[in-house]
Amino acid sequence: MELRQLRYFVTVVEEANFTRAAQRLHLAQPGLSAQIRQLERELGQPLLDRSGRSVTTTAAGAAVLPHARAALEAAQRVSHTVDEFTGLLRGQVRIGLISGAATEEFDVATVLAAFHHDHPQVGISLTEDTTDRMLAAVARGALDIALVGLTGAALDATFGVDIVFDTRLCAAVARDDEEFGSRIAAAQLRDRPLICLPRGTGIRGVFERACATVGFEPRIDFEAAAPPLLIQLAAGGLGIAVVPALTDADAAAAGVRLVEITDPEIRGQLALVWRNDRAPAPAAKVLLGQLRIALGQWATAPE
């Protein structure tokens, strides 16, 4: 029995699918299946039930699973201890960002470049996705760190959270749209054509929750993955965009006018999240610290 076989087994259980597990492990599926079969032969019991659409554990597999996870965590702690003793950072750090987060205000690329210069033996992977999918990836260990937009939903206690940006959300309307003054109650957005980020994003989540508190479901006519496109659509008169607050100068340059949303006020927050119920790899720990410092310095919001 080898540690890699236990890692393969745990990954298949987490993904409930051999194809997805092979992709996550960067293996060919036949090779992964062969390793699991070999482990089962060594143990003398089938560990996985392959008869359904999803792969599940057998009774023996369910009994073995916590021991397999414990063995992998123990091996990881040994490796981390040695790395910390020698001062050598190596391995892989996996980071997730919400779409459009890597801007001048959040110059994540500069942090990653500096980290790579100081620790060239550490591989870095970077992906963009929605908040919901990245939180799930952090929870199952597929991401080490994620910069997400908080949706207003309570987060599991296993997450460490550092809010690095907080701003009110506003309605952006075309510059020549004089229907509203400087403020609009959330209830007045009922049945209006709205422009917003997709489901699973932080802004969409907090906005939908605010609308629910005043008794309606928002009518989203247009969706886009990043706030700048939302603002462009609003400038073209296609609807009311729900976006983080801009300075008056930036709003005017983009061809929109900002209207403050009240009753309730809605706030958008960006946060770094990670698993805090287990010791992070030394490389992930160092990079997380650098990101927290850098993002905390850069994050400023107009009010």
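**Exercise 1. Helices α2 and α3**

Which residues in α2 meet which residues in α3? Work out how the two helices pack, bearing in mind that this is a predicted model.

*Solution.* 
- Start with the residue pairs: α2 brings Phe18, Thr19, Ala21, Ala22 and Leu25, and these meet Gln29, Leu32, Ser33 and Ile36 in α3.
- Sort them by class, and you get six nonpolar, three polar and no charged residues.
- Now the geometry: the axes of α2 and α3 come within 9 Å and cross at roughly 105°.
- Angles of 65 to 115 degrees count as roughly perpendicular, so α2 is roughly perpendicular to α3.

**Exercise 2. Bringing in α1**

Find the angle at which α1 packs on α3, then do the crossing of α1 with α2.

*Solution.* 
- Take α3 to begin with. α1 and α3 pack at an angle of about 110°, with their axes 9 Å apart, and that makes α1 roughly perpendicular to α3.
- The handedness here: α1 passes α3 in a left-handed crossing.
- On the α1 side, look for Arg4, Gln5, Leu6, Tyr8, Phe9 and Val12; they meet Leu32, Gln35, Ile36, Gln38, Leu39 and Glu42 in α3.
- The class tally for this contact is seven nonpolar, three polar and two charged residues.
- Over to α2. Helix α1 (residues 3-15) and helix α2 (residues 18-25) have axes that come within 8 Å and cross at roughly 125°. That angle makes α1 oblique to α2.
- This time the crossing is right-handed, as α1 passes α2.
- Arg7, Tyr8, Thr11, Val12, Glu14 and Glu15 of α1 make the contact with Phe18, Arg20, Ala21, Arg24 and Leu25 of α2.
- Those residues divide into five nonpolar, one polar and five charged.

**Exercise 3. The largest pocket**

Describe the largest pocket: its volume, its lining and which helix gives the largest share.

*Solution.* 
- Volume comes out at about 1600 Å³.
- The lining has 48 residues, and the closest to the pocket's centre are Arg24, Gln76, Arg94, Gly141 and Asp144.
- Next, which elements contribute? Among those supplying at least two residues each are α1, α2, β3 (91-98), α6 (131-140) and α10 (282-298).
- The largest share is eight residues, and α4 provides it.
- By class, the lining splits into 21 nonpolar, eleven polar and 16 charged residues.
- One link back to Exercise 2: Arg24, listed among the closest to the centre of the pocket, is also part of the contact of α1 with α2.

**Exercise 4. Around Arg257**

*Solution.* 
- For a distance check, Arg257 and Ala235 are 22 residues apart in sequence and 8.5 Å apart in space, C-alpha to C-alpha.

How values were computed:
Residues numbered from 1 in each chain as written. Predicted model: local features only at pLDDT ≥ 70, side-chain atom pairs only at ≥ 80, totals over all residues. Heavy atoms only, no water. Axes fitted to C-alpha atoms, helices over the stretch in contact; angles between N-to-C directions. Helix = DSSP H or I, 4+ residues; strand = E, 2+ residues; numbered from the N terminus. Parallel < 35°, antiparallel > 145°, perpendicular 65-115°, else oblique. Left-handed = near helix turned anticlockwise from the far one by under 90°. Contact = heavy atoms within 4.5 Å. Nonpolar A, V, L, I, M, F, W, Y, C, P; charged D, E, K, R; others polar. 1 Å grid on protein atoms, 1.4 Å probe; cavity = no way out; pocket = protein on both sides within 12 Å on 5 of 7 lines; lining within 4 Å. Points joined across faces, edges and corners; volume = space filled by probe spheres on them.
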